[in-house]
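Please examine the structure shown below before reading on.

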Amino acid sequence: MAVLSISSSSHSKFFVLIIFLTYIISLSSNIGHVIAAGNNFYQDVDITWGGGRAKLLNQGKVLTLSLDQVSGSGFRSKNEFFYGKFDMKLKLVPGNSAGIVTAYYLRSEGSTWDELDFEFLGNLSGEPYIVHTNVYSQGKGDREMQFYLWFDPTAKFHTYSILWNPGHVVFSVDRKPIREFKNLEPLGVPYPKSQPMRMYSSLWNAEDWATRGGLVKTNWSQAPFTATFREFKADACVWSNGVSSCNSSDHRDWLSQQLDSSSQKRLKWFQNKYMVYNYCRDTKRFPQGLPSECNVTIK
């Protein structure tokens with residue numbers, strides 16, 4: 001009877017090969033989920049406009065957008081996504097930035113697009129920035145909420161996050177939730193759940209409305225204005241050729257994440273203290289009645 005004999009050297013090589021193959025299988029099972037690791041904008045985004053005003057620095061670890069009297073600038077993610085959790089570290093335009101808007105958002109294509117917005121409205125020196133948020137579903141927006149921040153967003157980097165899953169959208173700043181938009185489709189409220197979206201960012205002039213309703217104009221003697229980005233992270237499902245990289249067996253934490261009671265309390269505290277505008281309280285804007293989601297008590 002033949003006996004199969006494996007030397008200790010061959011056994012070690014075989015063991016190493018098994019470990020390597022296990023690693024490759026594990027890696028391939030996660031590809032398409034953790035899309036952007038926050039290390040290189042060269043890999044994650046395309047600069048889409050600005051004529052050289054958008055710059056990649058530090059081997060792609062930092063991206064700056066600039067605005068002057070001729071043009072602003074912008075970029076977008078290479079990938080489209082269908083649900084995910086998106087983080088960006090951002091340092092806003094310092095000094096007198098009245099009339100300047102820095103935007104960071106998700107958006108789909110087409111005339112009935114979906115969109116989830118962070119827009120940072122500039123200010124006169126020493127006055128607080130306003131964070132403007134909005135939710136578009138099937139081309140319909142008009143869901144603005146605005147907040148002051150509890151820190152100077154021009155002094156150092158802070159993390160701005162958008163969680164988008166089948167149940168809700170959550171806007172967060174430094175891991176603290178500031179706004180939640182629930183999926184209330186059973187009540188007839190459109191929800192962004194049928195279109196993939198890309199991440200976009202831009203720096204542009206909105207002096208006709210951004211600062212005190214357009215009363216304060218941009219001081220171009222302060223130009224160029226510059227905002228700085230780093231560490232974009234997308235733990236998300238990639239959408240490619242009509243197919244999502246996620247499937248029914250995926251168990252990503254963010255895919256079913258909800259705000260627990262403690263987070264809900266922090267959200268309400270923040271809104272009571274820092275909210276500047278809430279469309280659900282603007283009865284003059286909606287004389288025929290507030291949007292239906294405004295009349296729902298969220299528990």
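A residue is called buried under 20% relative accessible area, exposed over 50% and partly exposed in between, with a 1.4 Å probe and protein chains only. The model is predicted, so local features need pLDDT of at least 70 and side-chain atom pairs pLDDT 80 or more, whereas totals for chains, interfaces and linings use all residues. Residues are numbered from 1 along each chain as its sequence is written, and side-chain values use heavy atoms, without hydrogens and water.

Helices (H or I, at least four residues) and strands (E, at least two) are DSSP runs, numbered from the N terminus. Helix α3 comprises residues 261-274. Its buried residues are S263, Q264, L267, F270, Q271 and Y274. They line one face of α3, because they fall within an arc of 125 degrees seen down its axis, the arc being that of the directions from the helix axis to the C-beta atoms.

Rings of Phe, Tyr and Trp (its six-membered ring) pair if their centres lie within 6.5 Å; planes under 30 degrees apart are stacked, over 60 edge-to-face and the rest tilted.

| Pair | Centre distance | Plane angle | Class |
|---|---|---|---|
| F120 and Y160 | 4.8 Å | 65 degrees | edge-to-face |
| W150 and F270 | 5.5 Å | 80 degrees | edge-to-face |

F120 lies in strand β8 and Y160 in strand β11, so their pair ties together parts 40 residues apart in sequence. Both F120 and Y160 are buried. F270 is buried at 4% relative accessible area, whereas W150, at 30%, is partly exposed.

Note on methods: The expected span of a helix is 1.5 Å times one less than its number of residues.
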